[in-house]
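Let's take a walk through a protein model together. Keep the picture open and turn it as you read.

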Amino acid sequence: MTIVRTNIHRFAWAFLLALALIATRGALAAQPAAQAVGLVDLDGSVNPGSTDFLLRAMDEASSEGLQALVIRIDTPGGMLESTRSIVKAELASKIPIIVWVGPAGARAGSAGVFITYGAHVAAMAPATNIGAAHPVAAGANGAEKMDDTMAEKVTNDLVAWAQGIAKQRNRSAEWVEEAVRKSVSVPAEEALKLHVIDLISPDLPSLLKEIDGRKVTTAAGEITLATAQAQLKPLKMTPREKLLDFLGDPSIAFLFIGLGALGILAELYHPGTVFPGVLGAVSLSLGLVATRMLPVRAGSIVLILVGAGLLAAEFYVTSYGLLAVAGLACFALGAFLLINPSEPGFMVDRDFGVAWAEVLPIVLAVAAVLALVVWKVTQSRMRKQITGAAGLVGEEGIVSLEVGPAAGKVLVHGEIWEARSPNPIAAGERVRVEQIEGLLIRVAPAKNLSGELPTQRQA
């Protein structure tokens, strides 16, 4: 009986200890979750890929009970509709959204201005800038100007929208109007003085400490931030979001369009190789998908395709490299002018596009390959022909049946040919082919290295 009671006591203590461990583990697990702050990056253009990611991150941060979501920004701008979707989600968020323009050297250009204004807390790192939110870069890079009436409507609409965001977030409505109408851009220090942002922080840990205790009003009500000891929890893109964001880079779009055109032309030049054609079709398809997310000029795409066509024509037409030079010029010019900052529906900086530093390596690589091909083709055309009937002229053979004014037989290249010669040549002698007349060859006695005729061979 004593043994039974002892076992019961042991079981009870073990059970209580297990409950205590479970409770302690649950408390420890719950503590970081309550203190955690989500972190996402908007590094590049505002496109469907980055937009889907930010919207999903806001929902995920709210559903997981994270204290806030930090958006680290370095963007030249992007699609207007995508920007509106992000700002709408910020304004409707039940958890605080904190935007930090950083690290040093980053920018919140064009669309980035509205995303920064829509945040509950807006901060910038030193040596960063914000602004240039004008929707139309009229005449940039030779682009056609938007109709004046339409441009004024778009601008007024954006100004009203921006001012509404500014009043809701208690930020400067006057400055954001200047940013939209006159493309004004300011550094972090001036942005703080103008009440464009709330504070300047050199890094994210410093930011979390500085905003600790700050009260913000979300869609769920007023919240007091407790971020001094908070842990940052990075949220990652899905493969689909990564692909869409990857295609939102102008350089990638140019690369895919160029490779696609060259791959398809290579398949047409060498039918049946399959790989260049498949690679070209896939690349061109991805490039065209990318153009739907970028402000591109249709004429630039035509220039790139024409350039690829001229490069391919160099293989068919003897132009001594002129077609190749013209093709490379069209290819490079089309790439450089591919992005149109004044395209309606987009808000991007004037320098958003394909830079010469990205175009030249590709153009030089294609030029090097073409130069090698042209050199090889030229060398092959200058070399003596060694195939076909013309390749027999100058070759030596052995007389198998006496040759003279009457036709005889000569063995050349493993073939028996009917042959004639002005003078009789006995069987077994070496001869050289002088001329081809249909299926008959004219031969003469072959000379040895000293220039003398060889002696007759013994039968």
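Predicted model: local features only at pLDDT ≥ 70, side-chain atom pairs only at ≥ 80, totals over all residues.

Residues are numbered from 1 along each chain as its sequence is written, and side-chain values use heavy atoms, with hydrogens and water left out.

How confident is the predictor? The score called pLDDT is its confidence in each residue, from 0 to 100. Here the chain has a mean pLDDT of 81, and 79% of its residues reach 70 or more. Over residues 137-145, though, the pLDDT is below 50, and this stretch has 16 contacts in the model beyond near neighbours in sequence (contact means heavy atoms within 4.5 Å). Residues 455-459 are also below 50, with seven such contacts.

Now for the strands and helices. Both are DSSP runs numbered from the N terminus: helices are H or I with at least four residues, strands are E with at least two. Two strands pair if DSSP finds at least two bridges between them.

Look for the open sheet. It has six strands in the order S9-S6-S4-S2-S1-S12, and the pairing is parallel. At the edges you'll find S9 (199-200) and S12 (232-234), each pairing on one side only. Further in, S1 (residues 37-43) and S2 (residues 68-74) run parallel and share seven bridges. As an example, Asp-41 has Arg-72 in S2 as its bridge partner.

Helix H2 (residues 48-63) packs on this sheet and touches S1, S2 and S4 (97-101). The direction of H2 makes about 175° with that of S1. Axes here are lines fitted to C-alpha atoms, for helices over the stretch in contact, and angles run from 0 to 180 degrees between N-to-C directions.

Two packed helices are described by the angle between their axes and the distance between the axes. Take H2 and helix H3 (residues 80-91): their axes come within 9 Å and cross at roughly 10°. Where they meet, H2 brings residues including Leu-54, Leu-55 and Met-58, while H3 brings Ile-86 and Ala-89, among others. By class, this contact has six nonpolar, three polar and one charged residue. Ala, Val, Leu, Ile, Met, Phe, Trp, Tyr, Cys and Pro count as nonpolar, Asp, Glu, Lys and Arg as charged, and the others, Gly among them, as polar.

Next, find helix H5 (residues 148-169) and helix H6 (residues 173-182), whose axes come within 9 Å and cross at roughly 155°. H5 and H6 are therefore roughly antiparallel to each other. Their contact holds seven nonpolar, three polar and two charged residues.

Strands S10 (residues 215-218) and S11 (residues 221-224) pair in the antiparallel sense over four bridges. They form a hairpin with two residues between them, and Val-216 stands opposite Ile-223 in S11.

Last stop: the barrel. Five strands close up in the order S14-S15-S16-S18-S17, with mixed pairing. Neighbouring strands of this sheet are turned by 55° against each other on average, direction ignored.

Definitions and conventions:
Parallel < 35°, antiparallel > 145°, perpendicular 65-115°, else oblique. pLDDT = per-residue confidence, 0-100.
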